[in-house]
Amino acid sequence: TNIYFTHKYLWIMVPRGIRNNNPLNIRKGNNWKGERPKQTDKSFEEFETMEMGIRAGFKILKNYITGYGGKTKPYDTIEKVVRRWAPPTENSTERYIQFVADDAGLHRYQKIDFKNKSVMVRIVDAMIFVECGQRVATDIISSAYDLI
């Protein structure tokens, strides 16, 4: 269901990821720090704050990029991250990869260092735009990274 806010002249739809404070659209499956106590969305996680939802996304991306701390093969480029995050069975993965790479100012095959906060904030900012069709303030994304 979509939730609409009205203004004198406008109807504004709020994307599911924004309503859920989960702008990276993380599916249910983990007990995340900062989850809303009452979950009403059957498919996607809901968080108490936007920072906590984005923090969860950063934690997943950290695991992808570092190969779970060296335990598995790393997914350490935009190409690899997005193919894993947004598989072609449910996304236009190629367009997603191209948008994130262009928007973040990176080459799709460039190695990503998770410790580079400014790069990670740009990547997550771009991914949020693809997932929700709107931006979240950069300072919120940056503070979410600091919660890792």
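Student: Where is the place of Tyr 68 in this predicted model?

Tutor: Tyr 68 sits in helix 2. Its backbone deserves a look: phi is positive there, about 55°, although Tyr 68 is not a glycine.

Student: Is Tyr 68 buried or partly exposed?

Tutor: Tyr 68 has a relative accessible area of 34%, so it is partly exposed. The cut-off for buried is under 20%, and exposed begins over 50%.

Student: Now the helices. How should I read a packed pair?

Tutor: Two packed helices are described by the angle between their axes and the distance between the axes. Take helix 2 and helix 3: their axes come within 11 Å and cross at roughly 125°. Helix 2 and helix 3 are therefore oblique to each other, and the crossing is right-handed.

Student: Which residues of helix 2 and helix 3 meet?

Tutor: Helix 2 brings Gly 57, Ile 60, Leu 61, Tyr 64, Ile 65 and Tyr 68, while helix 3 brings Val 81, Arg 84 and Trp 85. Sorted by class, this contact of helix 2 with helix 3 holds seven nonpolar residues, one polar and one charged. So you meet Tyr 68 again here, on the helix 2 side of the contact.

Student: At what angle do helix 3 and helix 4 pack?

Tutor: Helix 3 (residues 78-85) and helix 4 (residues 93-104) pack at about 135°, with 9 Å between their axes. That pair is therefore oblique as well, and helix 3 and helix 4 cross in a right-handed way. From helix 3, Ile 78, Glu 79, Val 82, Arg 83 and Trp 85 meet Thr 93, Glu 94, Tyr 96, Ile 97, Val 100 and Ala 101 of helix 4. The class count for helix 3 with helix 4 is seven nonpolar, one polar and three charged.

Student: How far apart are the axes of helix 4 and helix 5?

Tutor: The axes of helix 4 and helix 5 are 8 Å apart, at an angle of about 135°. That makes helix 4 oblique to helix 5. The crossing of helix 4 with helix 5 is right-handed. On the helix 4 side you find Tyr 96, Phe 99, Val 100, Asp 103 and Ala 104; their partners in helix 5 include Ile 123, Ala 126, Met 127 and Phe 129. By class, the contact of helix 4 with helix 5 has nine nonpolar, no polar and four charged residues.

Student: What about the loop between helix 3 and helix 4?

Tutor: Look at Ala 86, which lies in that loop. Its relative accessible area is 0%, so Ala 86 is buried. Leaving aside neighbours within four places in sequence, Ala 86 is in contact with Asn 91, Thr 93 and Tyr 96. The C-alpha atoms of Ala 86 and Glu 131 are separated by 9.6 Å, although the two residues are 45 apart along the chain.

Student: Which residues of helix 3 are buried?

Tutor: In helix 3, Ile 78, Glu 79, Val 81, Val 82 and Trp 85 are buried. Their cover includes helix 2, helix 4 and helix 5.

Student: And how do I read a nonpolar core?

Tutor: In soluble globular proteins, nonpolar side chains tend to be buried together. Here the largest nonpolar core has 41 residues, and those with the most contacts inside it are Ile 54, Phe 58, Leu 61, Ile 78, Trp 85, Met 120 and Ile 123. The elements giving two or more residues to this core are helix 2, helix 3, helix 4, helix 5 (117-132) and helix 6 (138-146).

Student: What is Leu 61 in contact with, leaving aside its neighbours within four places in sequence?

Tutor: Leu 61 is in contact with Val 81, Trp 85, Phe 114, Met 120, Val 124 and Met 127.

Notes
Residues are numbered from 1 along each chain as its sequence is written. This is a predicted model: local features need pLDDT of at least 70, side-chain atom pairs count only at pLDDT 80 or more; totals for chains, interfaces and linings use all residues. Side-chain values use heavy atoms; hydrogens and water are left out. Axes are lines fitted to C-alpha atoms, for helices over the stretch in contact, and angles run from 0 to 180 degrees between N-to-C directions. Helices (H or I, at least four residues) and strands (E, at least two) are DSSP runs, numbered from the N terminus. Angles under 35 degrees count as roughly parallel, over 145 as roughly antiparallel, 65 to 115 as roughly perpendicular and the rest as oblique. A crossing is left-handed if the near helix is turned anticlockwise from the far one by less than a right angle, and right-handed if clockwise. Contact means heavy atoms within 4.5 Å. Ala, Val, Leu, Ile, Met, Phe, Trp, Tyr, Cys and Pro count as nonpolar, Asp, Glu, Lys and Arg as charged, and the others, Gly among them, as polar. A nonpolar core is a set of buried Ala, Val, Leu, Ile, Met, Phe, Trp, Tyr and Cys residues joined through side-chain atoms within 4.5 Å. Buried means under 20% relative accessible area, exposed over 50%, partly exposed in between (1.4 Å probe, protein chains only).
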